[in-house]
Amino acid sequence: MTVNYKLDSMLELRKYLWGRMITLGIFDADAYWSDNLGESIIPIFPVQQTPEMNQFLSGKKHIVYDKIGVSYDTLWLICTEQILFTVYSTDFSEINEIRNFMIDEFRRMDESAKDINKSAGFNSEKFKFHSIYVADMSPTAPSEELQGFYSADIILEAQYSRSTNSSGRYI
Amino acid sequence: MDYSIPLVQASSGLRSLMTASKGKVFKESLVAQISAYVYYNAQVVSKLSSNAAFKNKFREIIFNQIDKDFAEFVDAQARVKPKSLHHVYEWRQTGDPSARLFKLNKLNTEGLGFSVSYEFMPSKTFASTEGNRRHVFTKKASVMEAGMPLKIAPRHSKRLVFETNGYTVFMPEGASVTVKSPGGASVRNSFMMTYSRFFKSNLVNVSIRKSGFQQLFNKSMSKALKLPAEIRTVKYSFSPNTLSVQADAALASAFGGAL
């Protein structure tokens, strides 16, 4: 069977984050409806932001993410990955809300990982998170990048493994 | 402070106890052995912290990890916030590890410590690839980071010609242009702030832990502290010089190629 290398732990994490933030009412999916696409856009984006997207997001809170680093040690089945989330909002309190949510959700290491593993929609056949924690969090400050927005960085460090066959290759 | 000095001083007091008479066989051999044991351990620890090769390896293993993690941190920040950090990369390659214009330097300090600083490297790529305009802005990173206003004057041609807002502007002959915020207002001090954030936050601690020095150190130290067979056998007299040489040999064996 062909291995799907498009699968990524970061995308699983993003999926989980979005689900939780919708459930908790931190984000309103309807506010991100795109008439052009005829569907709602999830406002958690990878780094490639197009000018059209900036226009679409004008004034709306959103999150931009990227991987900082990926490392495998001698215990090569377990991957350690750092992910940077930058939260943008015109409302100071909305950023603090997301920061507090992230702390509450991800400070518990193994317990936080368990929550992701058993969440609805998680690709448990391919991934297993072992531990996740908040490696760093910056203060909320006016953004230099997007005028009129506040921003804050949240860095999560996750340890996970991907399901493998008997030779240690991805399945 | 180098703690190995008081350690050596304290352990040197054991020298006299390492030589016993055979009159009181059991007790005095035990005292001599215990003294030799403590003296040997003190020798290993004190020699370790003053050993130049070990200190270099210790610093190197931690610095290399910090260097890697910091650079990756800046890369990610630059990809997420290109307006703020494009100046520390070659033109049109923001966030690309191969296009960095910054690097960390290590300065050794007392004991096992070291301090870290950064420097900007010269840009080598053309600022613009359009038309015949070929200019390398060598000090791109440092000038933009400092927010220094730039005066651009014609050197090889009579006048400046440039495009702005879709229009081509022809300046009068010999006239210069002043750019108040080269690279944009967002870049000023942004690298310094990113640097400061990394080194004042938990990220640097994560990096030090990740370097694996603790595991390697503990493993090698356990090996070096393993007592020589001589001390483990009943003897009435131990030579401090021999123990000192054995401590040297044990350290060389434990740390020689392990780090």
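This is a predicted model: local features need pLDDT of at least 70, side-chain atom pairs count only at pLDDT 80 or more; totals for chains, interfaces and linings use all residues.
I take a salt bridge to be a side-chain nitrogen of Lys or Arg within 4 Å of a carboxyl oxygen of Asp or Glu. Residues are numbered from 1 along each chain as its sequence is written, chains are lettered from A in the order in which they are written, and side-chain values use heavy atoms, with hydrogens and water left out.

**Interface of B and A**

I find 4 salt bridges between chain B and chain A; in a salt bridge of R197(B) with D136(A), the side chains meet at 2.9 Å, N to O. For contact (heavy atoms within 4.5 Å), I note 19 residues of chain B against 22 residues of chain A. The buried area (accessible area, 1.4 Å probe, lost on putting two parts together, summed over both) is about 1700 Å², with carbon and sulfur atoms giving 48%. On the chain B side, R79(B), V80(B) and R197(B) lose the most area to chain A, together 32% of what that side buries.

Taking helices as DSSP runs (H or I, at least four residues), numbered from the N terminus, I looked up α6 (residues 190–200) and α7 (residues 202–210) of chain B, which pack at about 60 degrees with axes 4 Å apart. The axes are lines fitted to C-alpha atoms over the stretch in contact, and angles run from 0 to 180 degrees between N-to-C directions. The contact joins F198(B), F199(B) and K200(B) of α6(B) to N202(B), L203(B), V204(B) and S207(B) of α7(B).

Methods
Helices (H or I, at least four residues) and strands (E, at least two) are DSSP runs, numbered from the N terminus.
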